[in-house]
Amino acid sequence: MSQPIKILSPIRLKDFNPDSHEGLDKDETREKSLKLCQRIGELQELLHANSNRALLIVLQGMDTSGKDGAARRVLEFVNPAGVETANFKSPSSEELAHDYLWRIHKAVPRYGNIGVFNRSHYEDVLIVRVMKLQPAPVWRRRYEQINAFEKHLVANNVVVLKFFLHVSREEQARRLKARIQDSRKNWKFELADLKMRAQWGQFQKAYEDAISKCATHYAPWFIVPADRKWYRDYVIAKTVVKALEEMNLKWPRPREDLSKIQIN
């Protein structure tokens, strides 16, 4: 299948191959990715110059699927001042004193910037569901609430791109072992990763439901094969470039008549 897969209807993850790469050559694809990432840097300058729209990149996936690596690679050539990132882990006592979307809305990027959510509001229908942190009637209501939240963002000039980094269980095992065997990666390993891995089937079902119930025409999901890092980065970069180019941004007119300006 041509990648990434844009999702607008119910899906089953077993129908998608995490190792898919369209038969592309690794080195050639990396060259294409480089040009795409450079293009993102150029387009972000236009986005910032206009400052009337924002782009939000939502990255979800199992541990080791490459959320950090993808963000680092795809935004490599973007001015750091034009990027806002948020990593949503266990909510603080302050965040728990508000509704679950309160901390999310605060982190939405300002106009002119690209925002990255490493994990997101979807954790409240994923880990909350699998680990039974809330009763089913509570998290089931959240699909509709999330759709309404994203519709609000899009209606207010925030383009929302949601990527599920689809890694296989076998590839996750290899990456977890590498974290143990390589002293430079030891710091990444947490025993909690194994606890989540033990719930693999439940997480896959939770992701299927989250993607199926929250795939809308205004904020679609993209399923990205993530077993090959070079291919993962390519399809994300390609999708981001497409979204930015579809904004049809132009350099704004100067506020003053520059023909009358003299600098001595």
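# Surface patches, salt bridges and backbone features

Biologist: Which residues make the nonpolar surface patch of about 360 Å²?

Modeller: Patches are made of residues with over 30% relative accessible area and no salt bridge, with nonpolar side chains (Val, Leu, Ile, Met, Phe, Trp, Tyr) joined within 5 Å and like charges within 9 Å. The excluded salt bridge is a side-chain nitrogen of Lys or Arg within 4 Å of a carboxyl oxygen of Asp or Glu. The nonpolar patch of about 360 Å² consists of Leu258, Ile261 and Ile263.

Biologist: At what pLDDT do side-chain atom pairs count?

Modeller: Residues are numbered from 1 along each chain as its sequence is written, and side-chain values use heavy atoms, leaving out hydrogens and water. This is a predicted model, in which totals for chains, interfaces and linings use all residues and local features need pLDDT of at least 70, while side-chain atom pairs count only at pLDDT 80 or more.

Biologist: Is Leu258 buried or exposed?

Modeller: Leu258 lies in the segment after H10, where helices (H or I, at least four residues) and strands (E, at least two) are DSSP runs numbered from the N terminus. Buried means under 20% relative accessible area, exposed over 50%, and partly exposed in between (1.4 Å probe, protein chains only). Because the relative accessible area of Leu258 is 56%, this residue is exposed.

Biologist: Which residues form the negative surface patch?

Modeller: Asp and Glu count as negative and Lys and Arg as positive, whereas His and the chain ends are not counted. Each charge is placed at CG of Asp, CD of Glu, NZ of Lys or CZ of Arg. Asp25, one of the members, lies in the loop between strand S1 (5-7) and helix H1 (26-50) and is partly exposed at 38% relative accessible area. The negative patch is formed by Asp25, Asp27, Glu28 and Glu31.

Biologist: Which residues form the positive surface patch?

Modeller: Among the members is Lys229, which is placed in helix H10 (residues 229-245). With a relative accessible area of 45%, Lys229 is partly exposed. The positive patch is formed by Arg72, Lys185, Lys188 and Lys229.

Biologist: How many salt bridges does a search of the whole structure find?

Modeller: Side chains of opposite charge can pair when their charged atoms come close. One of these pairs is Arg73 with Glu76, at 2.3 Å from N to O. Arg73 is partly exposed at 23% relative accessibility, and so is Glu76 at 44%. The search of the whole structure gives a count of 19.

Biologist: How many residues apart are Glu84 and Arg110?

Modeller: The side chains of Glu84 and Arg110 form a salt bridge with an N to O distance of 3.6 Å. This pair links distant parts of the chain, Glu84 being in strand S3 (residues 83-87) and Arg110 in the loop between helix H4 (102-106) and strand S4 (114-118). Glu84 is partly exposed at 21%, whereas Arg110 is exposed at 59% relative accessibility.

Biologist: Which residues does Asn147 contact, leaving aside its neighbours within four places in sequence?

Modeller: Asn147 is located in helix H6 (residues 136-155) and is buried, as its relative accessible area is 14%. Contact means heavy atoms within 4.5 Å. Beyond the neighbours within four places in sequence, the contacts of Asn147 are Lys213, Cys214, Thr216 and Tyr218.

Biologist: What is the phi of Lys132?

Modeller: Most residues other than glycine have a negative phi. Lys132 is found in the loop between helix H5 (127-130) and H6 and is exposed at 69% relative accessibility. Although Lys132 is not a glycine, its phi is positive, at about 55°.

Biologist: What is the phi of Asn248?

Modeller: Asn248 belongs to the segment after H10. At 57% relative accessibility, Asn248 counts as exposed. Asn248 is not a glycine, yet its phi is positive, at about 50°.

Note on methods: Accessible areas come from the Shrake-Rupley method with a 1.4 Å probe; for residues, only the protein chains shown count as cover.
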